[in-house]
Amino acid sequence: MEEALAYLPTLALFGFVIVASALMRHEMLILACIPPVFIAMIVGFVMAIYAGDTFGWPATGAAIALGAPSGWWLARRLKSRDLLIAIYLAWAIALVLALVAFQFPDHS
């Protein structure tokens with residue numbers, strides 16, 4: 001159960017980072033979104049494979065999809081600078097949760 005509480009919110013935050021970055025309106029600030037999106041896609045992919053196998057694909061898909069509406073909503077409400085801060089904050093929290101999630105032993 002603790003493992004799911006580390007993996008699934010991390011996937012939701014990675015989903016938020018990707019969607020919010022895709023909706024960034026400022027041409028120069030979108031370049032600052034490259035590192036979070038790159039890491040979110042790679043680490044999120046690896047975590048999604050493991051979470052889908054461990055917790056089931058419906059829970060994994062729901063966790064990833066949970067970040068999309070909040071990313072869309074904040075992209076419409078915030079200025080580009082504030083959206084970039086939200087993206088980096090979500091990315092930092094997701095990386096801490098991923099570090100916790102990776103410390104759980106594998107289920108073989």
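## Terms for helix packing

A crossing of two helices is called left-handed if the near helix is turned anticlockwise from the far one by less than a right angle, and right-handed if the turn is clockwise. Helices here (H or I, at least four residues) and strands (E, at least two) are DSSP runs, numbered from the N terminus.

This is a predicted model, in which local features need pLDDT of at least 70 and side-chain atom pairs count only at pLDDT 80 or more, while totals for chains, interfaces and linings use all residues. Residues are numbered from 1 along each chain as its sequence is written, and side-chain values use heavy atoms, with hydrogens and water left out.

## Overall form

The protein chain holds 5 helices and 0 strands, and from the N terminus its elements follow the order α-α-α-α-α. The radius of gyration, taken over C-alpha atoms, is 14 Å, close to the 13 Å given for 108 residues by the globule rule (2.2 Å times the number of residues to the power 0.38), so the chain is as compact as a globular protein of that length. Along its principal axes, the C-alpha trace spans about 45 × 20 × 20 Å.

Of the 108 residues in the protein chain, 38% are buried, where buried means under 20% relative accessible area, exposed means over 50%, and partly exposed lies in between (1.4 Å probe, protein chains only). Contact means heavy atoms within 4.5 Å, and among the contacts of the chain with a separation of 6 or more, 84% come from residues 24 or more positions apart.

## The nonpolar core

In soluble globular proteins, nonpolar side chains tend to be buried together. A nonpolar core is defined here as a set of buried Ala, Val, Leu, Ile, Met, Phe, Trp, Tyr and Cys residues joined through side-chain atoms within 4.5 Å. The largest one in this model has 29 residues, and those with the most contacts inside it are L11, F14, V17, M47 and I87. At least two residues of this core are supplied by each of α1 (2–22), α3 (34–55), α4 (57–77) and α5 (80–101).

When neighbours within four places in sequence are left aside, M47 is in contact with Y7, T10, L11, F14, A98, A101 and F102. Beyond its own neighbours within four places in sequence, T10 is in contact with M47, A94, L97 and A98.

## How α1 meets α3

The axes of α1 and α3 come within 9 Å and cross at roughly 145 degrees, with axes taken as lines fitted to C-alpha atoms, for helices over the stretch in contact, and angles running from 0 to 180 degrees between N-to-C directions. The crossing of these two helices is left-handed. By class, their contact has 17 nonpolar, 4 polar and 1 charged residues, where Ala, Val, Leu, Ile, Met, Phe, Trp, Tyr, Cys and Pro count as nonpolar, Asp, Glu, Lys and Arg as charged, and the others, Gly among them, as polar.

On the α1 side the residues that meet α3 include Y7, T10, L11, F14 and V17, and on the α3 side those that meet α1 include A40, V43, G44, M47 and A51.

## Exposed positions

W57 lies in helix α4 and is exposed, with a relative accessible area of 51%. Not counting residues up to four places away in sequence, W57 touches A48, I49 and G52, while W57 and H107 are 50 residues apart in sequence and 16 Å apart in space, C-alpha to C-alpha.

V96, found in helix α5, counts as exposed at 53% relative accessibility, and its C-alpha atom is separated by 23 Å from that of I30, 66 residues apart along the chain. K79 is found in the loop between α4 and α5 and is exposed, with a relative accessible area of 61%.
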